[in-house]
Amino acid sequence: MKLTRWVALTALVPSLAMAWPWSKDMANQISIKPQEGPDSVRPYPERSVPMAGTKTTPYVHDHDAAMKLPNPNPATPESIARGREMFKIYCVPCHGNSGTGDGPVGAKLIVRPFDLTADRVQKEVPEGYIFAHVTFGGALMPSYGNDMYPSERWDLVNYVRHGLKADQAPAVSAK
Ligand code: HEC
């Protein structure tokens with residue numbers, strides 16, 4: 001009995017020292033990883049994004065390079081509407097519906113998510129900066145590059161710039 005406990009304890013110590021044991025469990029398994037494996041046998045799934053990028057957005061490696069990309073999607077009402085959907089799914093938990101950082105998860109973070117309605121995000125940084133932050137994350141913010149196609153991320157940029165603040169304006173009451 002004692003020996004089993006000792007073995008269990010020594011097994012736990014190194015894994016605790018490296019990372020939370022459960023944080024890598026899903027990744028470290030024998031399955032074929034994305035972009036890996038028998039291409040000739042198993043074709044890439046439909047709509048998968050080639051490494052070279054898409055027609056309108058070249059593949060970039062980091063935040064700095066992504067920041068320089070121009071937005072290929074005009075800010076049409078359709079693009080803004082698609083961006084709003086993405087925002088509700090991925091951004092509201094932290095940045096809140098208002099975009100100011102008061103989402104239920106954001107409120108619990110030590111560093112509150114930055115205010116996306118501030119002049120900095122609305123006017124000062126290039127649109128590519130918002131795209132870069134979504135694609136690669138920030139110092140604390142997780143990355144969402146694997147969750148959305150490049151075009152969907154640009155729609156999201158259009159929503160942050162052209163829809164987010166407008167959505168906060170009080171509805172005009174019909175008298
Ligand atoms: C898990 C919480 C979390 C989620 C979800 C999240 N963010 Fe963030 N975001 C943060 C935090 C914290 C910061 C500030 C620190 C940093 O940049 O990492 C931040 C910063 C940013 C910035 C930089 C603002 C500036 O002034 O530099 C942008 C842009 C941004 N987020 C956009 C988004 C968008 C768009 C989404 C939805 C895809 C999103 N965030 C989802 C937590 C989050």
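1. Basis of the note. The model is a predicted one, in which local features need pLDDT of at least 70 and side-chain atom pairs count only at pLDDT 80 or more, while totals for chains, interfaces and linings use all residues. Residues are numbered from 1 along each chain as its sequence is written, and side-chain values use heavy atoms, with hydrogens and water left out.

2. The iron site. The iron atom of the ligand has H95 (NE2) and M141 (SD) as its protein donors, at 2.0 to 2.1 Å, where donors are N, O and S atoms within 2.8 Å of the metal (3.2 Å for Na, K and Ca), and where sites may look incomplete because water is not among the atoms. These two residues link distant parts of the chain, H95 being in helix α3 and M141 in the loop between α5 (127-136) and α6 (150-162), 46 residues apart; helices here are DSSP runs (H or I, at least four residues), numbered from the N terminus.

3. Geometry and cover at the iron. The six donor atoms make angles of 84 to 179° among themselves, and the site is octahedral, a label given to six donors if opposite ones are over 155 degrees apart and all others between 65 and 115. For six octahedral donors the ideal angles are 90 or 180 degrees. H95 counts as buried because its relative accessibility is 10%, whereas M141, at 25%, counts as partly exposed; buried means under 20% relative accessible area, exposed over 50%, and partly exposed in between (1.4 Å probe, protein chains only).

4. The R82 and D155 pair. The count of salt bridges comes to five, each being a side-chain nitrogen of Lys or Arg within 4 Å of a carboxyl oxygen of Asp or Glu. One of them joins the side chains of R82 and D155, at 2.8 Å from N to O, and this pair links distant parts of the chain, with R82 in helix α3 and D155 in helix α6, 73 residues apart. R82 is partly exposed at 45% relative accessibility, while D155 is buried, with a relative accessible area of 2%.

5. Two further salt bridges. In the pair of D119 and K123 the closest N and O atoms are 3.6 Å apart, and because these residues are four apart in helix α4, about one helical turn separates them; D119 is partly exposed at 39% and K123 is exposed at 62%. The side chains of E127 and R161 also form a salt bridge, at 4.0 Å from N to O, and since E127 lies in helix α5 and R161 in helix α6, the pair ties together parts that are 34 residues apart in sequence. E127 is partly exposed at 22%, but R161 counts as buried at 16%.

6. A buried serine. S79 belongs to helix α3 (residues 77-95) and counts as buried, with 1% relative accessibility. Apart from its neighbours within four places in sequence, S79 is in contact with N73, P74, D155 and N158, contact meaning heavy atoms within 4.5 Å. Among these, D155 is the residue that also pairs with R82 in a salt bridge.

7. V111, in the loop between α3 and α4 (119-124), counts as partly exposed at 41% relative accessibility.

Notes
Four donors count as tetrahedral if all angles lie between 85 and 135 degrees; four count as square planar and six as octahedral if opposite donors are over 155 degrees apart and all others between 65 and 115; anything else is irregular.
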